[in-house]
Amino acid sequence: MFDPLLLTAHNPSPMTGEGNNTYLLAGGGEAALIDAGVGESAHLQAIAAALGERRAPLDIVLVTHGHRDHAGGAPALAAAHPAAAFAKHPWPGEDARFEVSWRTIGEGDVVAAGGEPLVVLHTPGHSPDHLAFWHEPTRTLFTGDLVVRGSSVMIHSSRGGNLAQYLASLERLLALDPSRLLPAHGPAIADPQAVISAYISHRLFRERQVESALRAGHATVETIAESIYDGLAPALMPAAQENVRAHLEKLRSEGRAIEAGGRWRP
């Protein structure tokens, strides 16, 4: 029975919601953790307790991408579990922040996780190094930050995010026809096709809003974001601006918008 154990990383915030989800897979005397959290002591204690109950050492930590809420706990886990390996897709200039020795994994690799095979899928867009992990026997997909039920995903254009790549990654998930998504934030998703399709539709709706704002004379990321996200909590406005910037960069790459001196126009 494939039954990943959800262990919260204990890092609630406006950007992470109730906190990150990490997933422990244990079987056959070995164990793997998907995503490293941020090193909170309660998370480390929960991992240790779960490993003890399952009588398995932590063999490997598979990190979906190099944002701090997913990779920041790697050094603390390495200290607590010296034999564990840490694996992710490379992100030059970012990975060294976390002071562990990273094993490189990438598209098409098959990794053993608690005795189960996971296929590595490179799914960039949210970040350039983003990975998803596919358990084909149960059609379960660990999706990192690709989707969050009831919320949206920031495309951090200033730090390697790319909206065109993100949309392509979502289309790839649809083509797999998964039965269940296990995301890094929020609850499990039992209706993947509906949720992923809604995400794609929402992004295309936002794109039309950005184009309308440009035609209306809004020329900066800030004014476009204010026109679209009216009433948004101030703590979330920086993320909204990053999403707007990602849309503008996509429009520019398609020859549908131009920028000069920080000002944009159709």
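Me: Does Thr143 count as buried or exposed, and at what relative accessibility?

Reply: The model is predicted: local features need pLDDT of at least 70, side-chain atom pairs count only at pLDDT 80 or more, and totals for chains, interfaces and linings use all residues. Residues are numbered from 1 along each chain as its sequence is written, and side-chain values use heavy atoms, without hydrogens and water. Buried means under 20% relative accessible area, exposed over 50%, and partly exposed in between (1.4 Å probe, protein chains only). Thr143 has 0% relative accessibility and therefore counts as buried.

Me: With which residues is Thr143 in contact, leaving aside its neighbours within four places in sequence?

Reply: Contact means heavy atoms within 4.5 Å. On that basis, Thr143 is in contact with His130, Ala132, Leu173, Leu181, Leu182 and Pro183.

Me: How is the packing of two helices described?

Reply: Two packed helices are described by the angle between their axes and the distance between the axes. Axes are lines fitted to C-alpha atoms, for helices over the stretch in contact, and angles run from 0 to 180 degrees between N-to-C directions. Helix 6 and helix 7 pack at about 110°, their axes lying 9 Å apart. Helix 6 is therefore roughly perpendicular to helix 7 (65 to 115 degrees).

Me: Which residues make the contact of helix 6 with helix 7?

Reply: Helix 6 contributes Val221, Glu222, Ile224 and Ala225, while helix 7 contributes Met237, Gln241, Val244, Arg245 and Leu248.

Me: Which residue follows helix 7?

Reply: Gly255 follows helix 7, with a positive phi near 75°.

Methods. Helix = DSSP H or I, 4+ residues; strand = E, 2+ residues; numbered from the N terminus. Parallel < 35°, antiparallel > 145°, perpendicular 65-115°, else oblique.
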